[in-house]
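I opened the file to look up a few places in turn. My notes follow in the order in which I made them.

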Amino acid sequence: MRYLPLTDADRGAMLDAVGASSIDDLFVDVPEAARLDGPIRGLPTHAGEMAVEKHMRRLSKKNLAAADAPFFLGAGAYRHHVPASVDHIIQRGEFLTAYTPYQPEIAQGTLQMLFEFQTQVARLYGCAVANASMYDGSTACWEAVAMASRIARGKKRKVVLSDALHPHYAEVVRTMAKFTDDEIAGGAPSLTPAPDDDALIGLIDGETSCVVVQYPDVLGRLPDLARIAEAAHAAGALLIAVNTEPVALGAIQSPGELGANIVVGEGQAIGVGLQFGGPYLGLFAVRDQKHVRMMPGRLCGETVDADGKRGFVLTLSTREQHIRREKATSNICTNSGLCALAFSVHMTLLGEKGLTALAAENHRLACLAAERLAQIPGVSVLNESFFNEFTIRIGRDARDVVRKLADDGVLAGVSLGRLFPGNAELHDALLVCVTETSGEDDIDALCAALKEVLS
Amino acid sequence: MSNPNASGWKPGSPVSADSFSGPATTTGNRALMLEEPLIFETGSLDRTGVDLTFPGQMDLAGVDAAAPVRSEPSASKLGKFARKEAIGLPGLTEPETVRHYTRLSRQNYAIDLGLFPLGSCTMKHNPRLNEKVARMPGFADVHPLQPVETVRGALEVINELAFWLIELTGMHSVAMSPKAGAHGELCGILCIRAALEARGDARKVVLVPESAHGTNPATAAFAGYEIEDIPANSDGRVDFDALKSRLGPDVAGVMITNPSTLGLFERDLKAISDAVHEAGGFVYCDGANFNAIVGKVRPGDLGVDAMHINLHKTFSTPHGGGGPGSGPVVLSEALSPFAPLPYAARTADGTVHLVEEESADSFAQEHFGKTLQSFGRMTAFHGQMGMFTRALTYILSHGSDGLRQVAEDAVLNANYVLRQLEDVLHAPFAHSGPCMHEALFGDKGFAEGLSTLDLAKGLIDEGFHPMTMYFPLVVHGAMLVEPTETESKAALDQFIGALRSVAERAKAGDETLKTAPHYAPRARLDETLAARKPVLAWNGEVAPSGTPVPSEIGGQ
């Protein structure tokens, strides 16, 4: 057992030292009736690296990796090229195997990284302050709603969700709201070329604590955030903007600039990878510093040490569960430190120049794909506006079409039937995402395969 | 105690801090300990570490060097939202980036550098095979919404891991999607609330022993419950009589940590469970410390209804500077129907199904013969897949014999630390029986003016990360030491020697502890200033050109 350094001789000497005659003496508090003897049912004894690796490789081979197919899935998880040095850095043991920086004098590496990460996210979102990350975009979205309720001090209970918020995000908010008395307004999107901002604004009233809008939305369209922000603020409500594709912000104005009070999102697209849905990286920022003490999650702040040198610490922990217990702003304890590091390293490698060029390339390819798909008989492109993801209608249940294309080795996109199973009107629509990892040849392969299936 | 360190270190004779404050250097660096400016101070808006040559633009043959085909679309689709202003994000080239983060990494303590005795956090060796497996393209490079037929292997990983988690805990089912321990607590409490609501029972109170993790009361409050504390008895265990007398028709359940944060096994858990069930409530067990009993006892046999398992602790996935974690929740039969979507389930024919909103109703009808009662969805996708592959790799590596050895060695190591130090450090519950995974000490006997914090900072100078401080709250100046099973006897002896010497200094009133650490990258940091005047982002301009801005720190 290669991970366990004690020898039997050590164990004997240590048992002597603690005054126990056998290891069972140390488990004396476990009721006799509940103790397990013998092997764990069905689990083989310990196995070497080769055997375990072989087993796991066999399982991994049963999956079709994105790199092995023309690939066009998005809907909250995006495939981008991650430079090799990102993985190299996150595998350094001093980052990989460190814990939450409770002892700042020997955790400056993690703390400075988090301070830089917070600044990168705040700037990307057009906000004053970002926290040191959360589990993922969907849970960050719920935490933002909970924060808005706290700011409304329970006097306003209505949460207005845009129809075009990612349905899984909306589902997380609805699930949690069942237990908190918040009342949720909003439904499934209608397939219109532009989002129906007027209808959303019409739902806002004096009882509204917050309005939640995805930007770009789940169909890839760009809602008019500035108008919605104005309407929300006029009613005394906060605007929560949700972004699932941070690369888009290299090409479009930030939600903070457009008036969102809280900006949350998924940071997975930068540095983290697809990983079948997790671990991902929840981003959370507030436009106005005055809301900082209401924020959930960890915050890293600048300070000085006893010699006057600049240093960093976790701060404002009086909001947190380990001090406030049942009065804490959130029960969140862990963050996504390692994913935040991956994001921050990738963002540092990109810089402003790389991010804007990457965004431009994503948009160029997505525009090309939309134009070429529109040429196929039976296909129409829905969106008036989009970044790297848009919706097409194909006149058939897109779930079947996606499965047929997968048989041909093309991963075509996310059917709206998968995302909105209860809504038959959306079932002929397919969400197509194009990033820099899909070349023009991949776009042509998608078009050819789709044409074949639809003919 | 003999000196266990061959390098000349002597317990009980610390070197004066003053003798190490040599002449200042012009850079602020000290040999291999390098100061590092912020990326905002050295990067610029026009520097980048990525080469924006995209696939299809490389002609390896070099024969026909014609420019690659690159089409331009007829129009932009960004509408009026196209970005006009700079974001203010600095870039660095690849060598600069690698150096920046490598230098930062050297200012971190990590389990790869030595014993990391944070009690209740469980810092054990991270096997690198786990990392290799998690990076296999079939796991790392698959999308959560790919057609189910193209992710059969990923579903098998979830199912295989789920199987072992159920087997090891003696429970009925497991919700895999919770993203971390505290998220798992929320999942368990919401299952309890959903089960109570399903029988029309609006109970309002959750009982939480005072030794609980701070996340427990925060979680129950977030789920809409009132919290009531349950005291500990003189042993440090939950006061069963106090708990029993509080049970009633308004109590939804109890949240109990076993083994507890005092390092003790709750002997009465089965009796507590029976009493809670009889009163119509449910038992939530915080499974953060499951590593101490894995393979030795199954919480399901003690009557637990829900328990989260921190995969990163018990089954060793890297903590990464604070996360990601992963907190699957095992459930009793009573709570299983309420588990959140999505989940993976194996059916009688042996195939693994991914059960989402789309398929949930028909699946529940067809395979369980009942309507779906899930309380909903807790997260966008299926959970922490990258942690599942690591945890399963770890379970298979250890096997049936190894997992039990893990618990036994973790408990043996903790008891060894407790007994080797109880003569020098106050151990308030040493009389309560063997400790489980962690040894608890208090600050009784320290000289006036010296605190647990000072001892911890002194331990940094000895080359160790300090233990958990001031937790659990029931012990004054608490120090919670969890060595874990991946430490050798020699490593433990060295740590025990260091802690003994610092403890002796704290008792003797050694004033130099008040300014420790003296040899760390930073001296004691001003946390009050950070909280009073929060600076949470860098607020300067980033250089527009490639000219590096002189470093504020390096220039001093």
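**Entry 1: an arginine in chain A**

I looked up Arg364(A) and found 8% relative accessibility, so Arg364(A) counts as buried. Buried means under 20% relative accessible area, exposed over 50%, and partly exposed in between, with a 1.4 Å probe and protein chains only.

I noted the ground rules next. This is a predicted model, in which local features need pLDDT of at least 70 and side-chain atom pairs count only at pLDDT 80 or more, while totals for chains, interfaces and linings use all residues. Residues are numbered from 1 along each chain as its sequence is written, chains are lettered from A and ligands numbered from 1 in the order in which they are written, and side-chain values use heavy atoms, with hydrogens and water left out.

Arg364(A) sits in helix H11 (residues 337-373) of chain A. Helices (H or I, at least four residues) and strands (E, at least two) are DSSP runs, numbered from the N terminus. I found a polar contact of 2.9 Å between the side chains of Arg364(A) and Glu361(A). Such a contact is a pair of N or O atoms within 3.5 Å; within protein, one must be able to donate a hydrogen and the other to accept it, and residues adjacent in sequence count only if both atoms are side-chain atoms.

Which residues does Arg364(A) contact, leaving aside its neighbours within four places in sequence? I listed Glu440(A), and from chain B Arg70(B), Ser71(B), Glu72(B) and Pro73(B). Contact means heavy atoms within 4.5 Å.

**Entry 2: an asparagine in chain A**

I then went to Asn243(A), in strand E5 (residues 238-243) of chain A. Asn243(A) counts as buried because its relative accessibility is 0%. A polar atom of its side chain lies 3.3 Å from the backbone oxygen of Glu245(A). Leaving aside neighbours within four places in sequence, I found Asn243(A) in contact with residues including Tyr125(A), Tyr215(A) and Val264(A).

**Entry 3: a helix in chain B**

Last I checked helix H11 (residues 357-368) of chain B, which has 12 residues. Which of its residues are buried? I noted Ala360(B), Phe363(B) and Ala364(B). Down the axis of H11(B), the buried residues fall within an arc of 100 degrees, so they line one face of the helix. The arc is that of the directions from the helix axis to the C-beta atoms. Asp361(B) and Glu366(B), on the other side, are exposed. The buried residues of H11(B) pack against strands E8 (343-346) and E9 (352-355) of chain B. After H11(B) comes Gly369(B), with a positive phi near 65 degrees.

Terms used. Expected span 1.5 Å × (residues − 1).
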